[in-house]
Amino acid sequence: MSTTTGTPPAAGDTTAATLTSDEHGNIELGKLTLAAEVIGQGTVAPPAVAEYALWLGDDALVLAQNLGWWISRAPELEEDIAIGNIALDLIGHARSFLSYAGSASGRTEDEMAYFRGEEEYRSAQLFEQANGDFAHTIARNFIAGCFQHALYERLQGSHDETLAAIAAKSIKEVDYHVDHATQWVLRLAGGTAKSRRRLIVGFADVWPYVDELFRDEPLNDELAGVAVRQSTLRPAFDTRVAAVFAEAELEVPVGFTATGGGRVGKHHETLGPLLAEMQVLARQFPGAAW
Amino acid sequence: MTISLPTRPIGGDISAEEQQFNDLIAQDSRIEPRDWMPEAYRKTLIRQIAQHAHSEIIGMQPESNWILRAPSLKRKAILIAKVQDEAGHGLYLYSAAQTLGVGRDEMTEQLIAGTARYSSIFNYATPTWADMGSIGWLVDGAAICNQVPLCRASYGPYGRAMVRICKEESFHQRQGFEILLELMNGTPEQRQMAQESVNRWYWPALMMFGPPDDDSPNSARSMAWKIKRFSNDELRRRFVGMLVPQAEVLGLTLPDPDLTWNEEKQAYDMGQPDWDEFHEVLAGRGQMNAQRMQRRRDAHDEGAWVREAAAAYAARQSATTERVVA
């Protein structure tokens with residue numbers, strides 16, 4: 001069996017070159033544009049910063065993994081594309097954060113994503129909430145987006161240059177995620193009686209997990225000036241939510257507050273199956289390249 | 001084979017507009033939405049473009065099967081981008097078909113009802129990760145061979161949509177090739193996974209060019225109208241000719257014992273796909289026909305309340321705007 005380590009031929013180029021020889025068929029061939037845009041490669045994170053990067057990377061990765069389910073199942077084609085876009089952005093953010101987090105222990109982004117167990121994950125439980133119906137997904141995404149937006153806005157000023165750079169790149173994309181979720185909150189709230197009812201149920205179901213997002217942890221004391229103190233983000237979050245809820249004529253749900261614990265490895269029961277599915281193939285072939 | 005334009009019935013004088021249409025075709029110019037066109041030309045195009053659009057949409061499913069299990073974050077991102085491209089291709093094509101006077105809702109209904117066709121290749125299952133490589137390399141490769149000539153299809157909106165689609169398809173094929181290359185450079189188990197997958201996809205990919213020329217009822221007219229530019233068998237031969245050197249680079253064996261270079265013909269001699277299987281899948285009796293349709297129906301039905309909400313909200317918004325303007 002012959003194997004090669006050389007550059008693969010431009011497979012598509014060959015085909016097109018063979019078959020196009022006239023003016024209408026004169027297409028330019030796409031290059032591999034989806035190069036890995038992972039920020040911070042080559043920089044080693046101090047251990048505490050690595051732990052903090054895990055929080056943010058795991059939030060993004062777990063949400064992306066949840067959203068990936070919708071692709072080919074969305075209510076309309078435009079939403080297959082939009083949700084796919086959001087998932088793609090979040091994977092990009094996760095790759096940067098996890099790659100940076102892994103640098104402290106000499107691990108790659110994939111070792112961080114695929115070879116940590118549930119208790120080693122640091123995602124907040126809001127991101128772990130199941131997709132539910134489209135209204136649940138929108139409610140969760142709206143909260144996630146508003147939180148991440150407030151967070152990245154401030155993280156751009158971090159003393160840690162890599163975190164600041166990841167935040168600066170990510171916030172532009174999260175801006176779109178918030179806009180997407182906001183538009184749908186307005187449509188579902190102001191659409192039909194059914195959509196309004198479902199959205200209200202969606203928000204009621206995910207709201208218990210809001211509180212955890214804004215709790216400070218001991219790590220925040222250690223990383224003053226580097227990490228953003230979550231509690232300080234609450235006013236910006238509340239202001240944004242209040243504005244959208246006012247327009248949608250929604251009320252902030254009242255109910256219980258989940259105990260949380262994602263930042264210390266205590267997770268909602270949805271995370272185990274999510275990771276099992278995500279990691280199954282990688283773990284079947286440890287050390288393999290893909 | 002000599003192909004000429006369809007002849008007129010005896011005694012039928014050709015109208016000025018039909019003459020103009022024939023002239024445009026003869027000159028290799030493009031027919032645009034407002035130009036006169038024969039009804040059969042319009043119908044043929046609607047059928048073909050809608051079928052192509054449906055294929056893109058159903059074609060998202062075999063790959064979405066691996067989005068959640070993709071074995072690296074980079075592969076996951078590339079796979080999502082690819083499936084997303086397919087949704088985008090479906091949208092361009094529905095738009096192109098709409099210029100011929102058919103609505104997107106109508107086309108969607110036909111797909112859901114099972115009265116419209118889509119490419120049979122998407123009724124095959126994707127049990128292994130290597131299938132993501134085979135779909136890119138073989139299925140998208142075959143699609144490119146079919147589609148590049150369509151970039152100069154006589155109907156303008158279709159040709160232009162195809163230019164855009166072909167650009168992205170070449171990236172898709174390349175990523176499939178790379179998946180297989182990584183597997184072939186990997187462990188013995190990974191190499192076995194790649195070969196096993198190529199064994200399953202090779203023949204179905206060759207079937208994508210359609211039945212043999214002597215059994216393809218619509219081909220001749222489509223070629224005369226310059227909707228289609230090469231015959232099924234001709235494209236199939238070109239495709240195999242392209243695969244052979246790439247298979248050598250990969251170290252994969254193409255599963256056709258009759259595949260040999262014919263010095264005299266300067267082309268490959270090759271075996272025939274199992275055309276009975278082709279007709280079975282076409283008739284709805286393939287591995288995944290029922291599941292693919294079910295998924296599409298479910299997404300459509302379960303999303304109905306969301307689309308209704310969006311429509312109701314939009315109607316209310318525009319009513320409000322009108323009141324403000326008034």
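With which residue does B:Arg104 form a salt bridge, and how far apart are the closest N and O atoms?

Reply: Happy to. This is a predicted model, in which local features need pLDDT of at least 70 and side-chain atom pairs count only at pLDDT 80 or more, while totals for chains, interfaces and linings use all residues. Residues are numbered from 1 along each chain as its sequence is written, chains are lettered from A and ligands numbered from 1 in the order in which they are written, and side-chain values use heavy atoms, with hydrogens and water left out.

The partner of B:Arg104 is A:Glu78, with the closest N and O atoms 2.8 Å apart. A salt bridge here is a side-chain nitrogen of Lys or Arg within 4 Å of a carboxyl oxygen of Asp or Glu. The count between chain B and chain A is 1 salt bridge.

Now compare A:Asp80, which sits in helix H3 (residues 77–103) of chain A; helices are DSSP runs (H or I) of at least four residues, numbered from the N terminus. A:Asp80 is buried but has no salt bridge, and the nearest side chain of opposite charge, B:Arg296, lies 4.3 Å away. Buried means under 20% relative accessible area (1.4 Å probe, protein chains only); Arg counts as positive and Asp as negative. Beyond its neighbours within four places in sequence, A:Asp80 has contacts (heavy atoms within 4.5 Å) that include A:Trp70, B:Met60 and B:Arg296.

B:Leu68, B:Leu73 and B:Trp305 supply 13% of the area that chain B buries against chain A, more than any other three residues.

Terms used
Helix = DSSP H or I, 4+ residues; strand = E, 2+ residues; numbered from the N terminus. Buried < 20%, exposed > 50% of the residue type's maximum accessible area, 1.4 Å probe, protein only. Buried area = accessible area lost by both parts, 1.4 Å probe.
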